[in-house]
Amino acid sequence: MKISIEGVKSFIPAATINEQIAAGKNASASQIRDIIQKSLSKQRLDPAETAALLSVTDPELRQLILVGAHELKEKIYGNRIVLFAPLYVGNECINDCVYCGFRISNQECHRSTLSKQDLIAETKALVETGHKRLIMVYGEHPMYSAEYIADTVQTVYDTKYKKGEIRRVNINAAPLDIEGFRVVKSAGIGTYQIFQETYNEEVYKKLHPSGPKSSFLWRLDGLDRAMQAGIDDLGIGALMGLTDWKFEVMGLLYHTIHLEDRFGVGPHTISFPRIEPANGTEFAERPPFQVSDEDFKHLVATIRLSVPYTGMILTAREPIAIRNEVLNYGVSQIDAGSSIGVGDYSNKDEESKKKSQFVLGDTRSLDDVIFELAQHGYIPSFCTSCYRAGRTGEHFMEFAIPGFVKRFCTPNALLTFAEYLYDFSSARTLQAGLELIEREAALIEDAGMQASVRSKLAEMKAGSRDLYY
Ligand code: SAM
Ligand code: SF4
């Protein structure tokens, strides 16, 4: 792969962003209310509007923003939460990202890459807990070429085990060249996710001192190349704690606007991980711009309002209490039952910590997370229907097509949840889940749709599987 940034220009106007953030502080309470209303009418916000929301410090106004984000989520997406698990394929890495346990200079990192047999064992271990959706994660190394990534994805799809299989694989890996993205697309991936880490170019250069990732522009242009290769299902993200979080949210918004302007389609998902401690990694113990819990909630709600159409991912990096609260502010996907060490699902050992990228905040099992979601009235969803039916960009459809959620998303969430319950759940989750399904099925307004869902649920109970609309 040849790294070339010829002709690539940054679309992050740093000086303008700083001005917008400074000007945002002057927004009045009524302006903030108007901005929230604009978002509730399903319009993406402009940078100046987002900057105004970000700059709010008054607790009452911040509360209005949280409430607005909650309302938007309920109104557009309802109460489904999509579940997935990360699958770490290999932690060899030629980059030196100062915050990451996998960086080349970390002597304490135990390096390993799954063999094909290991990968099958990991996939089986995940299938056995009920997972249907994965994100496969790779360090950056010549070993992990586009062909290698495509091969490993294929191995996962080919692994059928007992009562299940993985039905959607997303990717988090280094940016490729256009040809490489084409190869990976051909393996039938869902989302290709690349986090910019920080949108502040100066900071980026300091924190990524060597390796291919040291090029800010190569990475910034990564998702453009993916689009050019025909992958239109993309995930963006910023690693919170490297510089001012307000700047990072503005960067995410400018990235969104750039993709909209150039390709007519924005990101499928936005991620906003906070830095977690990592083995042998002093930087991650005390990130220079650590984001407080209050600011974190505020930034999640602001992202929800700023880009109403996008999916939002919250990972198990966060502790349980934060996860539970932030679900209210617009998050649509979470991972659960996660392990982030290479080979950890099938073989947890003494060395696990040394093979892990960082430390998780939420280590509950998938079943425990599902039980709690059901207790709080969320419908856990393993739906992969849009992707498999060729309806790419489901979040856009949920957002843009009236009635789409009622016709597809909620019924499919209920069906995939029922499948999970019958095949994988504990007795308490089964009971709580079936009660939730009954309540939710009764709420389906369209009588024909309700009857159809009930009949499919009955088929599911009788043993049919993988039913979807
Ligand atoms: N190597 C590829 C890359 O850097 O894009 C993909 C995999 S990397 C393991 C996935 C993401 O983990 C990175 O983009 C970064 O945002 C995140 N990450 C790295 N160190 C972290 C830490 N200490 N805490 C939380 N997230 C971290
Ligand atoms: Fe390697 Fe990615 Fe970690 Fe950077 S963040 S050291 S590229 S695995």
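Biologist: Which residues lie nearest the centre of the second largest cavity?

Modeller: The second largest cavity is lined by 24 residues, and Arg 80, Val 82, Cys 383, Glu 394 and Glu 398 lie nearest its centre. On a 1 Å grid over the protein atoms alone, a cavity is a set of points where a 1.4 Å probe fits but cannot get out, whereas a pocket is an open set with protein on both sides within 12 Å along at least five of seven lines, and lining residues have an atom within 4 Å of a point. Please keep in mind that this is a predicted model, in which local features need pLDDT of at least 70 and side-chain atom pairs count only at pLDDT 80 or more, while totals for chains, interfaces and linings use all residues. Residues are numbered from 1 along each chain as its sequence is written, chains are lettered from A and ligands numbered from 1 in the order in which they are written, and side-chain values use heavy atoms, with hydrogens and water left out.

Biologist: How much space lies in the second largest cavity, and which helix gives the largest share of its lining?

Modeller: The second largest cavity holds about 220 Å³, a volume being the space filled by probe spheres set on grid points that are joined across faces, edges and corners. Helix H19 (404-424) provides the largest share of this lining, four residues, and H4, E1, H17 and H18 are also among the elements that each supply at least two. Such helices (H or I, at least four residues) and strands (E, at least two) are DSSP runs numbered from the N terminus. By class, the lining has nine nonpolar, eight polar and seven charged residues, where Ala, Val, Leu, Ile, Met, Phe, Trp, Tyr, Cys and Pro count as nonpolar, Asp, Glu, Lys and Arg as charged, and the others, Gly among them, as polar.

Biologist: How many cavities of 30 Å³ or more are found, and what lines the largest cavity?

Modeller: A search of the whole structure gives nine cavities of 30 Å³ or more, and the largest cavity has a volume of about 640 Å³. Its lining consists of 40 residues, with Tyr 88, Val 137, Asn 172, Arg 317 and Gln 357 nearest the centre, and E6 gives the most to that lining, namely four residues.

Biologist: Where should I look for the nonpolar core, and how many residues does the largest one have?

Modeller: In soluble globular proteins, nonpolar side chains tend to be buried together. A nonpolar core is a set of buried Ala, Val, Leu, Ile, Met, Phe, Trp, Tyr and Cys residues joined through side-chain atoms within 4.5 Å, and buried means under 20% relative accessible area, exposed over 50% and partly exposed in between (1.4 Å probe, protein chains only). The largest core here has 152 residues, and Met 136, Val 153, Ile 171, Tyr 192, Phe 272 and Leu 299 have the most contacts inside it. H19 gives the most to this core, with 12 residues.

Biologist: How many aromatic pairs does the structure hold?

Modeller: A pair of aromatic rings is described by the distance of the centres and the angle of the planes. Rings of Phe, Tyr and Trp (its six-membered ring) pair if their centres lie within 6.5 Å, and planes under 30 degrees apart count as stacked, over 60 as edge-to-face and the rest as tilted. The structure holds 11 such pairs. The rings of Tyr 309 and Phe 399 have centres 6.0 Å apart and planes at 65°, so this pair is edge-to-face. Tyr 309 lies in the loop between helix H13 (293-306) and strand E9 (311-314) and Phe 399 in helix H18, so the pair ties together parts that are 90 residues apart in sequence. Tyr 309 and Phe 399 are both buried. For Phe 382 and Tyr 420 the centres are 5.4 Å apart and the planes at 20°, so that pair is stacked.

Biologist: Is Phe 371 buried or exposed?

Modeller: Phe 371, which is found in helix H16 (residues 366-375), is buried, with a relative accessible area of 15%. Leaving aside neighbours within four places in sequence, Phe 371 is in contact (heavy atoms within 4.5 Å) with Arg 428, Thr 429 and Ala 432. Seven of the 10 residues of H16 are buried, so this helix is largely enclosed by the rest of the structure.
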